[in-house]
Amino acid sequence: MTAISEPIVGTFQHAASSRIDAAKLCIDLDGDQIIVSDYLSDGVLQQQSYSSCSMSSRLPGVPMTLSFGDGASFTPADPDFSWPNSSKSSSFIYWLERKWLYGLLAIGLMIGFLTGMVKVAIPFAAVQVASVVPMTISQEMGQQSLSLLDQLYFEESELESDTMAQVQGNWDVLLERLELPQEHYQLQFRSWHLGPNAMALADGTVVVTDSIVELMQDDLHLLDAILLHEIGHVEHRHSLQAVIRTTITTVLYAIIFGDIEGAGEVVLGAGVGLVDLSFSREMEREADQFAYQHLLEIERSSNDFAMALRKLKSAYPMTDSDDKKGWNYLQSHPDIDQRIEARPH
């Protein structure tokens, strides 16, 4: 047998056993044979063709374990030892991981890739996908979201029936003047302890809280402007886009970091999870522009929306208290003053 110049010293783990012995290994590359012997007694522990063995990936500071067909394995004592004829790709990865500068470059490229995906590619894909999603899916998402909101956050509205009727009448006129199909939109009133708010769901449901109606009660035209903003979210399908963005991003991270099963749960629960999503600032600006534009189209002043925003800002004063849930609602939107400045003059 033509062995390598010196036996390889290491440990041998027996097949189907936790027993580990000090051992030495010799390779005959010409005869494609490998022999593992006990380090002290020289008794043969394993003999097999070298080409039928498999080896672990090469990592800095980690020995490359050689595995045999029956489940036994041999681990060299030298962590830098490389098996003859080992994979070139494994050697390249080993070389790359030992070069910290290239490692940092790889990390930078990965961060750049993820940033590009999250900031550019995924939002673009979300817009395209949302435009072709069937209405039945939007309806199901909207119903699930409203049901969950009712269970967790909302209570039955306590507004006077006359006030509700007036807001509903203004809503119907608004849809008619915008030539929007009333069967695709419905207005819901709810009581919510966290303050003035309005939100649009994927199926065209727009929820207004008692407190936002009361805030705008002196001039309900201002509430119309807020409702136009929410209609803008529905028309641009922002709810669907937000769910699609979150789902794709989660799946991307799961593929990179290896949690595929967890990604599946996110996809299945995306409709219900909409409750916990915030629209991006780009979506909010898009809905703002929808409100400003359509106020002018129905011969109303764009200042209505600006004044409504000022009222909302005054209802959520910034304090140093620990309870800033209301302020966090505004923080998820672009700066109020910037939104007001963006109105057409």
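A residue is called buried when its relative accessible area is under 20%, exposed when it is over 50%, and partly exposed in between, with a 1.4 Å probe and protein chains only. The structure is a predicted model, in which local features need pLDDT of at least 70 and side-chain atom pairs count only at pLDDT 80 or more, while totals for chains, interfaces and linings use all residues. Residues are numbered from 1 along each chain as its sequence is written, and side-chain values use heavy atoms, with hydrogens and water left out.

Helices (H or I, at least four residues) and strands (E, at least two) are DSSP runs, numbered from the N terminus. In helix H3, the buried residues are Ser138, Met141, Gly142, Ser145, Leu146, Leu148 and Leu149. Because these residues cover an arc of only 165° around the axis, they lie on the same side of H3; the arc is that of the directions from the helix axis to the C-beta atoms. The face of H3 turned away from this buried side carries Thr136 and Gln151, which are exposed.

Helix H2, which spans residues 100-130, contains Ile107, and Ile107 is partly exposed, with a relative accessible area of 49%.

The strands can be followed next. Seven of them form an open sheet in the order E4-E3-E2-E1-E7-E6-E5, with antiparallel pairing. Strands E4 (44-49) and E5 (54-55) stand at the edges with a single partner strand each, so one side of each has no neighbour in the sheet. Two strands count as paired if DSSP finds at least two bridges between them, and E2 (residues 20-28) pairs with E3 (residues 33-38) in the antiparallel sense over six bridges.
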